[in-house]
Amino acid sequence: MLKISTLLALAALLNSLGGSAGATEIESGVSAVLQRVQPAVVSIRTISSGIFRSEALDDPNVRRVLGLPDDMVILQTGVTATGSGVIIDRENGYIITSRHLVANADDVSVKLADGRVFQGDRVGEDAPTDLAVVKIEAPNLSSVKWGHSSELKVGDFVIAVGSPFGLTQTATFGIVSGLGRSGLGADEYEDYIQTDAAINSGNSGGALVNASGELVGIARGIAASGEASTGIGFAIPSDIAVQIVRELIAHGEYKRGWLGLSVTGAADIRVGSAAETHGFVVSELVCNSPAERQGVRLGDIIVALDGRTFPTDAAFRNAISLLPANARITLDVRRGEKSQKLSVTLSDAAARRDLDLDQEAVVVEFPSANGSPACAPAGAVFVDVASGSVAYSMGLRTGDYLTAINGEPPVSVDQIRSVLESTQGSASVDILRAGTAYRLELE
């Protein structure tokens with residue numbers, strides 16, 4: 001008996017074929033798509049070496065019983081892994097795949113649909129999206145045409161092609177079950193296509209194509225890794241993948257920009273008689289970051305980025321994470337009763353990480369001339385916050401600077417205590433901690 005989603009997928013394909021096709025036409029339509037797609041989907045096998053990890057060996061008592069010194073590690077060699085890839089440039093032999101498959105591999109081999117095997121060279125990797133590009137030198141290759149994932153709708157017919165469990169050229173089909181999925185904890189950047197097309201171990205890096213055989217996603221895996229497909233699989237949208245791939249081929253990495261803020265929650269605001277607008281509250285602001293130096297303030301409500309609005313804070317964060325270094329953006333900001341546009345130039349995220357890792361450097365920074373009051377440690381200091389106190393449960397810690405209460409500088413110890421100890425109403429408390437300003441909403 002066919003499951004409902006399978007019937008829906010067949011109906012979607014029937015519609016794409018003109019609405020009056022019979023079973024034979026549906027079968028020939030799927031076969032035609034696979035004849036174009038499968039030659040461009042490859043199986044990838046890697047061999048790597050690394051430190052053997054085990055929860056048991058991390059236990060000091062176990063190490064003592066086994067006579068293993070604390071600084072001793074076990075090197076594991078010849079570790080193999082298999083997965084999938086998609087040829088996206090037949091002339092130059094570029095293949096897109098999953099970063100976790102090829103990262104740190106000592107050897108990468110690529111097996112084509114016709115059985116030929118070639119040595120793969122890593123071109124570039126991007127950890128936040130788990131995407132990588134591999135290159136092979138081979139004649140007579142096939143490639144898949146990029147499609148636009150932004151045109152997908154829930155219910156659209158899709159086909160997944162890859163090498164689950166090492167079974168090369170496996171094709172499964174289904175529908176798009178959801179769009180914009182995030183919060184799974186798999187990658188830093190999450191904006192997945194959800195599908196019920198079976199995606200199992202080894203499918204990662206493979207193709208998700210639409211009814212026209214266009215590449216609309218790169219398979220990322222299933223929600224619970226290590227388990228069989230449960231009808232819930234995910235793919236990285238092609239509109240994101242193509243952007244990353246271009247930079248990986250050109251530069252070997254994706255050079256992201258750094259803004260220096262985080263948003264949480266959502267705020268609905270109304271300006272005069274205008275329709276209600278959806279925005280996101282700036283709840284964290286890194287001092288001396290591009291955002292702080294160029295006018296963003298803690299508690300600002302960001303309404304739009306370059307004129308674009310976003311349905312969720314995750315969608316906004318995803319948009320920021322894809323901006324390149326030195327990108328110039330415009331933020332529509334609501335501050336109190338006033339609206340304004342802020343022009344901000346992002347810095348290089350990699351340069352900031354390098355600075356954070358430089359343990360020998362001494363960095364002295366002062367607030368910029370137009371810096372945020374939240375970044376000037378002129379407020380009260382929490383000398384000691386007991387771990388079991390109400391203040392601790394609110395998120396306050398020993399050494400925090402209190403810079404504002406409900407957006408205004410604190411004026412007395414009694415005022416601070418009354419806010420922290422009050423059981424009625426709500427309040428916002430701005431603190432400065434280790435170079436980052438935070439806004440805590442107290443209920």
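Predicted model: local features only at pLDDT ≥ 70, side-chain atom pairs only at ≥ 80, totals over all residues.
Let's start with the aromatic side chains. The structure holds 4 aromatic pairs. One of them joins Phe 157 and Phe 173, whose rings are tilted, with 40 degrees between the planes and 5.6 Å from centre to centre. Phe 157 belongs to strand 8 (residues 157-162) and Phe 173 to strand 9 (residues 170-181), so this pair ties together parts that are 16 residues apart in sequence. How accessible is Phe 157, and is the residue buried or exposed? With a relative accessible area of 5%, Phe 157 is buried.

Another pair is made by Phe 310 and Phe 316. Their planes stand at 75 degrees, so the pair is edge-to-face; the cut-off for that label is over 60 degrees. The ring centres of Phe 310 and Phe 316 are 5.7 Å apart. Phe 310 is buried at 8% relative accessibility, and Phe 316 is buried too, at 2%. Ring pairs also bring in Phe 280, linking Phe 280, Phe 310 and Phe 316 into a cluster.

**Charges over rings**

| Charged residue | Ring | Distance from charged end to ring centre |
|---|---|---|
| Lys 135 | Tyr 94 | 4.7 Å |
| Arg 433 | Tyr 438 | 5.5 Å |

**A glycine and its contacts**

Now turn to Gly 265, found in strand 15 (residues 261-269). At 40% relative accessibility, Gly 265 counts as partly exposed. Which residues does Gly 265 contact, leaving aside its neighbours within four places in sequence? They are Phe 280, Val 281 and Asp 313. Phe 280 is also a member of the ring cluster described above. The C-alpha atoms of Gly 265 and Thr 312 are separated by 8.6 Å, and these residues are 47 residues apart along the chain.

**The largest pocket**

Finally, find the largest pocket, with a volume of about 840 Å³. It is lined by 34 residues, and the closest to its centre are Glu 188, Gly 257, Trp 258, Ile 320 and Ser 321. Several elements each supply at least two lining residues, including strand 6 (121-126), strand 15, strand 16 (277-286) and helix 8 (349-357). Which element gives the largest share of the lining? That is helix 7, with 6 residues. By type, the lining of the largest pocket divides into 14 nonpolar, 7 polar and 13 charged residues.

How values were computed. Residues numbered from 1 in each chain as written. Heavy atoms only, no water. Phe/Tyr/Trp six-rings, centres within 6.5 Å; stacked < 30°, edge-to-face > 60°. Helix = DSSP H or I, 4+ residues; strand = E, 2+ residues; numbered from the N terminus. Buried < 20%, exposed > 50% of the residue type's maximum accessible area, 1.4 Å probe, protein only. Lys NZ or Arg CZ within 6 Å of the ring centre and 35° of its normal. Contact = heavy atoms within 4.5 Å. 1 Å grid on protein atoms, 1.4 Å probe; cavity = no way out; pocket = protein on both sides within 12 Å on 5 of 7 lines; lining within 4 Å. Points joined across faces, edges and corners; volume = space filled by probe spheres on them. Nonpolar A, V, L, I, M, F, W, Y, C, P; charged D, E, K, R; others polar.
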